[in-house]
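Have a look at the structure first, and then we'll go through its pockets.

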Amino acid sequence: MEEVLTNPKAGFYINRDVFGTEGDFITSPEVSQMFGEMIGVWVMCLWEQMGQPSKVNLVELGPGRGTLMADLLRGTSKFKNFIESLQIHMVECSPALQKLQHKNLKCVDEDSHNGNVDKRTISMLTGTPVSWHAALEQVPSGLPTIIIAHEFYDALPVHQFQRASRGWCEKMIDVAEDSPFRFVLSPQSTPAKLYLMERCKWAGAEEIAKLDQIEVCPKAIELTHTIAKRISSDGGGALVIDYGLDGIVSDSLQAIRKHKFVNILDNPGSADLSAYVDFASIRHSAEEASDDVIVHGPITQSQFLGSLGINFRVEALLKNCTDEQAESLRTGYWRLVGEGEAPFWEGPDDQVPIGMGTRYLVMAIVNKKQGIPISFQ
Ligand code: SAH
């Protein structure tokens with residue numbers, strides 16, 4: 001999964017823009033500017049709870065086209081103290097998407113002065129310094145930190161286990177004679193089994209007894225440890241938004257190409273692979289990593305955006321727009337907070353938008369010193 005998505009030559013994300021109606025899938029920031037604006041409200045409130053530090057690292061993991069960050073900056077640009085405190089760090093593995101983020105944040109590369117080799121890049125939206133990193137570990141520590149992970153965890157590689165007569169076996173991929181790839185069950189124990197054992201310890205025996213398949217995501221556990229340790233030492237908090245469950249995920253790995261589900265093993269690198277996020281394991285990993293952090297949620301995206309006032313925002317925007325913009329605002333609003341199939345849809349059945357309001361969950365990992373963040377009170 002990791003190779004298929006991030007291989008430097010052939011990875012799905014590496015060479016192209018995969019988002020939007022023309023691409024393979026659409027995400028909330030691409031649905032409506034209100035999404036990034038609402039995240040901006042949350043981030044600014046946390047910054048206030050942190051005591052309005054004069055410098056703060058604002059980190060986004062997997063920023064896609066950079067739309068969320070651009071909307072966040074535009075939305076908060078009037079709040080000078082907040083804006084002036086920001087140092088933006090984009091954690092992105094794809095050179096093509098880094099370029100697109102640079103463009104969408106209207107970045108300019110300053111000439112190095114005083115013989116300084118570190119060239120600064122500034123977003124002209126707000127005059128904020130922006131830098132890019134391949135992993136969270138590379139973001140300099142020592143400043144209070146706010147981390148956003150929107151649709152990042154679902155791209156981390158999962159291991160799938162299946163119950164067999166000889167116990168839990170890992171599903172592996174084999175090269176078949178008649179087709180390029182096929183799934184097989186491991187004959188022996190595999191290293192990832194340790195993570196399965198760990199995951200099962202966090203669950204009740206009854207929850208496990210009901211399942212014939214279990215997915216685990218070691219990289220999600222590692223990433224959560226890194227986030228929790230960073231927030232413990234530097235202060236601040238992280239916001240995780242993704243589709244998933246507040247418990248064990250059984251069998252969710254999926255492939256999407258051009259907005260349609262396709263076979264996972266078909267033409268690797270040409271379709272997005274993703275899996276449901278196991279929010280309960282994020283909570284356990286964060287709590288295990290540090291006593292200084294506390295985990296809130298998950299709550300639904302609809303509760304989250306509602307508590308931040310998205311209904312007031314849509315009303316305000318509707319007062320001053322064209323009919324076409326009004327249509328797109330109403331549809332966007334519904335997609336972000338609605339549930340099930342869009343009631344207003346008149347297009348083809350197989351393209352009906354599905355509401356993201358309850359499928360997407362929101363969790364916060366914050367330093368205990370910060371108190372309870374807005375939306376989770
Ligand atoms: N947050 C964006 C994009 C989500 S898609 C949005 O909501 O629109 C996942 C993003 O994470 C892409 O930008 C992808 O290139 C990046 N990504 C995936 N795996 C990564 C990894 N291991 N390290 C760094 N970036 C990664």
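How do the residues of the lining of the largest pocket divide into nonpolar, polar and charged? There are 13 nonpolar, nine polar and eleven charged residues in that lining. Keep in mind that this is a predicted model. Here's the rest of the picture, pocket by pocket.

**The largest pocket**

- This pocket holds about 1200 Å³ of space.
- Its lining is made up of 33 residues, and I26, H259, R335, P353 and I354 are the ones closest to the centre.
- Two helices, helix 2 (28-31) and helix 13 (323-337), each give two or more residues to the lining.
- Strand 11 (236-245), strand 12 (254-257), strand 13 (260-262) and strand 14 (272-274) also give two or more residues each.
- Helix 13 is the top contributor here, with four residues.

**The second largest pocket**

- About 750 Å³ of space sits in this one.
- You'll find 36 residues lining the second largest pocket, with T6, C93, F152, A155 and L156 closest to its centre.
- Sorted by class, the lining has 19 nonpolar, seven polar and ten charged residues.

**An element to look for in both**

Terms used
Residues are numbered from 1 along each chain as its sequence is written. This is a predicted model: local features need pLDDT of at least 70, side-chain atom pairs count only at pLDDT 80 or more; totals for chains, interfaces and linings use all residues. Side-chain values use heavy atoms; hydrogens and water are left out. On a 1 Å grid over the protein atoms alone, a cavity is a set of points where a 1.4 Å probe fits but cannot get out, and a pocket is an open set with protein on both sides within 12 Å along at least five of seven lines; lining residues have an atom within 4 Å of a point. Grid points are joined across faces, edges and corners, and a volume is the space filled by probe spheres set on the points. Ala, Val, Leu, Ile, Met, Phe, Trp, Tyr, Cys and Pro count as nonpolar, Asp, Glu, Lys and Arg as charged, and the others, Gly among them, as polar.
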